[in-house]
Each structure stands twice: as structure tokens, then as C-alpha cells.
Amino acid sequence: MGIERSAILGMGFYVPPKVVTNEELARLMDTSDEWIRERTGIVERHYIEGEVGVADLALPAAKKAIERAGITKDDIDLIVFGTLSPDYEFPGSGVLLQAMLGRPGIPAIDIRQQCTGFIYGLSIADLYVRAGIARNALVVGAEVHSTGLDFTTRGRDVTVIFGDGAGAAVVGAPRVADQGILSCALHSDGSYAKELWCDKPGSRYHPRITAADLERGDHFPAMKGRTVFKHAVTKMPAVLDEALKSAGVALQDLDIIVPHQANLRISEFVQGALKIPAEKMVNNIQRYGNTTAASIPIALCEAWEEGRVKPGALVALVAFGAGFTWASTIIRW
Ligand code: COA
């Protein structure tokens with residue numbers, strides 16, 4: 001039996017304890033605290049230590065989300081795991097989390113939509129729950145960037161931006177009237193795939209990576225920063241508008257907007273272009289850097305913990321990133 005709407009019932013996030021400041025990065029490469037703050041807003045980020053994968057980061061975030069939803073792990077019947085930095089080439093991190101949680105047999109779906117991964121994941125969970133196929137879906141966004149970055153001056157444009165972390169949400173049947181996910185708008189345009197990407201290892205290459213590739217740094221993420229910026233500041237307002245229209249609400253009705261924490265300048269640009277009051281925007285990139293699929297659930301969960309997301313609040317999530325992909329969702333809390 002299907003239901004009309006699904007809702008976020010609980011959230012959790014986890015970042016590894018090690019904090020890395022801009023000054024520490026400036027000791028490894030030709031950059032400065034001033035440059036990083038001015039161009040990105042970032043002051044510090046968290047990195048894993050030792051052999052820790054995204055499933056390890058996701059587990060405490062998932063447990064907290066389950067507890068806050070007032071259910072147990074045995075009530076979870078679907079996992080949707082968004083990450084661009086899976087523990088292994090295969091299998092996906094969703095099954096690793098499924099085993100760690102102790103939920104044998106439930107389906108686990110991995111998705112690879114990078115910065116929009118959490119919104120894509122929510123839309124999948126929403127459809128499964130509304131269709132009556134899942135009762136409580138666990139949606140995760142988690143990244144370990146720090147083991148895949150170039151800590152030399154060659155990689156400074158990308159490396160200073162990213163951090164590690166995880167966020168999770170339980171999606172199930174609404175608990176109160178009017179609560180729920182009102183709309184989701186999803187897009188992609190693969191003609192920009194190489195503007196923000198990681199080339200190697202890749203299945204099209206024989207072998208998938210060589211010593212020469214490693215020497216050149218083809219296994220590190222590469223980004224055309226200005227192109228990303230230009231597309232982000234046009235696509236994010238457009239997809240937010242689309243999700244608002246589809247939900248039948250206006251921009252002014254929103255109580256809180258959680259943009260993907262790509263870069264503080266991008267969030268400020270979007271805020272300025274749409275004339276959104278600063279107190280409605282959630283920005284925490286200063287402390288976590290860009291955690292890709294984890295950035296929205298971390299920011300949303302932290303805003304909720306701070307009492308900024310109240311029952312009945314109208315919430316917008318909006319993201320842009322690699323692919324290119326862009327997405328937005330409107331949620332009545
Ligand atoms: N520290 C110091 N200098 C740096 C640097 C760093 N970490 N990274 C790049 N630079 C240098 C460049 O080498 C360049 O030097 P040059 O003029 O001698 O060639 C100079 O700074 C300016 O580089 P440019 O790329 O033109 O800077 P920018 O103003 O476009 O800012 C970004 C760079 C990455 C901050 C900006 O393009 C941006 O925010 N893009 C969006 C990125 C993003 O959000 N990505 C995540 C998407 S999910």
C-alpha cells in the first residue's frame with residue numbers, strides 16, 4: 001500500500017576528530033590561510049586518520065539518525081548510499097554499511113551523483129517509501145577525500161576545498177499532518193563530465209592505471225574552478241525555482257535553505273541573486289570544507305541540532321556539482 005508522502009524522521013552526522021587548518025595546508029603547498037578564506041570561506045576541515053573508509057564514517061551518522069527517528073536498525077529496510085569516494089572499487093559502500101548495521105538481506109543501493117548525491121538519494125528513498133516498497137529508508141552521504149588529494153602545489157586549487165565526513169537521514173511515513181518531502185527536481189549534463197572529475201583508474205584504460213599516470217597525478221581530482229562556479233550560480237537558483245513551483249510554494253515561504261557547501265562564495269552569490277535573508281541560509285563550510293555528498297546532510301543536521309529547523313518549517317535543499325548534476329528538494333519539516 002502506497003502513501004501520499006514520505007518524510008525525514010531523524011538525522012545524524014559524523015566527522016572524524018582530526019582538524020586540519022589552512023595554515024597546516026600552507027606548510028605542505030604554496031597556499032595561504034588568506035587565499036583559502038577569501039576564495040572559499042573555508043577555515044578548517046576534518047580528515048580521517050589511519051585506515052578509515054566512508055562506511056566507517058557513515059555508521060555513527062546512521063545510528064544517530066535511527067535513534068532520533070525513534071526506531072531501531074531492524075526497522076530499516078533500504079539503504080541508499082551516496083559517495084564519490086567508496087571504500088573499494090567494488091562492492092559499494094552501501095553493502096558495507098548494511099553489514100556493519102547488522103541488517104542482513106536488506107537492499108543497499110549506491111549512487112554516484114557526487115555533490116547532489118544526498119538529494120538524488122532522498123528522491124529514491126521518497127519513491128520507495130511512497131510506493132510502499134520500503135517503510136524506513138536510510139539515506140547516507142559520506143566522503144573520505146583526504147586519501148585522494150594531491151598535497152603538493154600542483155593540486156592546491158582542489159585540495160584546499162575538500163574535507164571528510166558523513167551525514168544520514170531516515171525517510172519514512174510522516175508522523176504529523178502536512179509533514180513530508182513536497183518535491184524533488186533532479187538534473188544532469190554529462191557533456192561537462194571532465195570539468196570536475198577524476199580520470200584514473202578507469203575501466204576504459206588497459207591497465208586501469210600506470211606508474212606514469214600516478215606520476216602525472218591523473219588519479220587526483222581535477223577541476224576547472226571558474227566553469228564550475230559559473231554553472232553553479234545559474235543552475236542552483238533555477239533548480240530551486242523548479243522545486244518550489246513543483247511543491248506549490250514561493251521562495252518567500254521558505255524558512256531555511258541548505259545549499260551544498262561547495263564554496264561560501266557560491267552560496268553568497270545565490271543568496272544575493274535571490275535576495276534571501278542571511279539568517280535563512282545555512283553555511284558551515286568554514287568548519288568542514290566541502291564534503292561533497294555529505295555536505296547537505298551535515299549542514300541540515302547541524303542546523304536542526306542548533307534549533308534552526310523547527311517542526312513545520314519549510315526547508316529547501318539545493319546542490320550543484322560534478323557530472324554536472326544539480327538538484328533541489330522542498331521539505332515540510
Ligand atoms: N592557493 C593559492 N593560490 C591558488 C590556489 C591556492 N589553493 N589555488 C589556485 N591558486 C592560484 C592559481 O594558480 C592562479 O594563479 P595564477 O593567476 O598565477 O595562474 C590564481 O590562484 C587564481 O586562480 P583561479 O583559478 O583563476 O582563481 P579563482 O578566482 O577562479 O578561484 C576557485 C579558484 C577554485 C576558488 C574558484 O574558481 C571557485 O570557487 N570555483 C568553484 C569551485 C567549487 O566550488 N568546486 C566544488 C564544486 S562541488
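Domain bounds in this description come from an automatic or database domain assignment. On that basis, the chain is divided into domain 1 (7-172) and domain 2 (180-332). The model is a predicted one, in which local features need pLDDT of at least 70 and side-chain atom pairs count only at pLDDT 80 or more, while totals for chains, interfaces and linings use all residues. Residues are numbered from 1 along each chain as its sequence is written, and side-chain values use heavy atoms, with hydrogens and water left out.

The centres of domain 1 and domain 2, taken over C-alpha atoms, are separated by 14 Å. Contact is defined as heavy atoms within 4.5 Å; by this criterion, 50 residues of domain 1 are in contact with 50 residues of domain 2.

Pockets were identified on a 1 Å grid over the protein atoms alone, a pocket being an open set of points with protein on both sides within 12 Å along at least five of seven lines, where a cavity is instead a set of points where a 1.4 Å probe fits but cannot get out; lining residues have an atom within 4 Å of a point. Grid points are joined across faces, edges and corners, and a volume is the space filled by probe spheres set on the points. The second largest pocket has a volume of about 260 Å³. It is lined by 15 residues, of which Ile8, Leu9, Gln179, Trp304 and Trp333 are the closest to its centre. Because domain 1 (7-172) and domain 2 (180-332) both give residues to this lining, the second largest pocket lies between them. For the composition of the lining, Ala, Val, Leu, Ile, Met, Phe, Trp, Tyr, Cys and Pro count as nonpolar, Asp, Glu, Lys and Arg as charged, and the others, Gly among them, as polar. The lining of the second largest pocket has 9 nonpolar, 3 polar and 3 charged residues.

Secondary structure follows DSSP runs numbered from the N terminus, with helices (H or I) of at least four residues and strands (E) of at least two. Strand E1 (residues 7-14) gives the most to the lining of the second largest pocket, with 4 residues.

Strand pairing is assigned if DSSP finds at least two bridges between two strands. Strand E12 (residues 314-321) is joined to E13 by 8 bridges, and the two run antiparallel. Within this pair, alanine 316 has isoleucine 330 as its bridge partner in E13, and phenylalanine 320 has tryptophan 326. E12 and E13 form a hairpin with 3 residues between them, and glycine 323 in the turn has a positive phi of about 140 degrees. Strand E8 (residues 180-188) is also joined to E13 by 8 bridges in an antiparallel arrangement, with isoleucine 330 of E13 as the bridge partner of serine 183. Strand E11 (residues 256-259), by contrast, pairs with E12 in the parallel sense over 4 bridges; here proline 259 stands opposite valine 318 in E12.

Burial is expressed as relative accessible area (buried under 20%, exposed over 50%, partly exposed in between; 1.4 Å probe, protein chains only). Strand E12 is largely enclosed by the rest of the structure, because 8 of its 8 residues are buried. Leu314, Ala316, Val318 and Phe320 point one way from E12, and Val315, Leu317, Ala319 and Gly321 point the other way. In strand E13 (residues 325-332), 7 of the 8 residues are buried. Helix H11 (residues 295-305) is likewise largely enclosed, since 9 of its 11 residues are buried; among them are Ile296, Leu300 and Cys301. H11 is followed by glycine 307, whose phi is positive, near 80 degrees.

A cis peptide bond, with omega about 0 degrees, joins phenylalanine 90 and proline 91, the latter being found in the loop between strand E4 (78-82) and helix H4 (93-101). Another cis peptide bond joins histidine 206 and proline 207, with omega about -5 degrees. Aspartate 178, in the loop between strand E7 (165-172) and E8, has a positive phi near 75 degrees and is exposed, with a relative accessible area of 58%. Lysine 275, in the loop between helix H9 (264-274) and helix H10 (285-288), has a positive phi near 55 degrees and counts as exposed at 72% relative accessibility.
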